[in-house]
Amino acid sequence: MDLKFDDKGLITAIAQDEITGDVRMVAWMNAEALKVTLETGRATFFSRSRGRLWTKGETSGHFLRVRAVHADCDGDTLLLQVNAEGPSCHTGRPTCFFRSLDAEGRATDAPLPPANFLSFLEQEIEQRRSSTGTKSYTKALLDGGASKIGEKVLEEAGEFARAIAGETNERVASEAADVLYHLLVGLRLRGVSLQEVLSTLHRRSGVSGLVEKASRSVSTD
Ligand SMILES: [Zn+2]
């Protein structure tokens with residue numbers, strides 16, 4: 001299917017963080033910007049105000065490395081899956097979508113809720129930490145510190161190991177959930193973000209971007 005550029009030769013491009021799933025920014029591309037993006041693996045857009053191409057990060061150094069480009073059903077919007085080198089908004093925020101609308105349509109500053117549930121859970125755990133009042137298992141764990149959380153992680157890991165060895169898939173999922181939850185609590189205790197963990201996994205996985213793919217297909221031919 002052909003892409004549909006509008007009467008000004010532009011198409012909407014959404015940049016989505018491949019690690020967190022968060023939408024980072026939205027901008028315009030013309031055919032040339034898309035070509036440069038596909039060739040260099042760095043998100044490049046068309047600035048309507050400046051009337052020229054601009055590579056995201058050309059002045060800030062906060063490039064968007066593009067892993068893949070997708071088109072929507074009618075071909076008039078592009079989705080770029082990106083690995084972001086630094087914040088994506090010119091305000092210094094990670095994403096441009098830092099405002100939320102109230103019922104009257106007024107925009108007020110509010111961080112973008114996480115696009116994935118593990119990150120949402122991470123925020124919940126952080127909120128429990130500072131909560132006073134109501135009894136919370138999470139808070140009790142955090143108050144118990146590294147020894148208490150460590151003990152639970154070991155216990156749940158043992159239960160998970162037994163589950164994969166000979167219990168139902170439902171039990172495996174349930175024990176895996178326990179391990180993940182206690183891992184997140186341990187990470188919160190130390191102030192290590194889930195994003196940091198995912199970025200570590202991402203680096204190890206060697207997921208390649210457009211440029212690496214292009215250079216590999218050349219060198220292996
Ligand atoms: Zn912005």
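Which residues of the largest nonpolar core touch the most other members? They are Ala13, Ala15, Met29, Ala43, Phe45, Leu64 and Val82, in a core of 17 residues. The model is predicted: local features need pLDDT of at least 70, side-chain atom pairs count only at pLDDT 80 or more, and totals for chains, interfaces and linings use all residues. Residues are numbered from 1 along each chain as its sequence is written.

**Domains**
- The protein is divided into domain 1 (11-101) and domain 2 (117-190), with bounds that come from an automatic or database domain assignment.
- The centres of the two domains, taken over C-alpha atoms, are 36 Å apart.

**Nonpolar cores**
- A nonpolar core is a set of buried Ala, Val, Leu, Ile, Met, Phe, Trp, Tyr and Cys residues joined through C-beta atoms within 7 Å.
- A residue is buried if 20 or more other C-beta atoms lie within 10 Å of its own, exposed if 12 or fewer, and partly exposed in between, with C-beta atoms placed from the backbone.
- Helices (H or I, at least four residues) and strands (E, at least two) are DSSP runs, numbered from the N terminus.
- Another core, of seven residues, lies apart from the largest one and includes Ile125, Leu141, Val185 and Leu194.
- Residues up to four places away in sequence not counted, Met29 touches Leu10, Ile11, Ala13, Leu34, Phe45, Phe46 and Leu78; contact requires C-beta atoms, placed from the backbone, within 7 Å.

**Sheet and hairpin**
- Four strands form an open sheet in the order E2-E1-E6-E5, with mixed pairing; two strands pair if DSSP finds at least two bridges between them.
- E2 and E5 are the edge strands, each pairing on one side only.
- From one strand to the next, the twist averages 25°, with axes fitted as lines to C-alpha atoms and angles running from 0 to 180 degrees between N-to-C directions.
- Strand E5 (residues 64-71) runs antiparallel to strand E6 (residues 77-84), and seven bridges join them.
- Val69 has Leu80 as its bridge partner in E6, and Arg65 has Asn83.
- Five residues lie between E5 and E6 in their hairpin, and Gly75 in the turn has a positive phi of about 70°.

**Lys56**
- Lys56 sits in the loop between strand E4 (52-55) and E5.
- Lys56 counts as buried because 24 other C-beta atoms lie within 10 Å.
- Neighbours within four places in sequence aside, Lys56 is in contact with Ala43, Phe45, Phe63 and Leu64.

Methods: Two residues are in contact if their C-beta atoms, placed from the backbone, lie within 7 Å.
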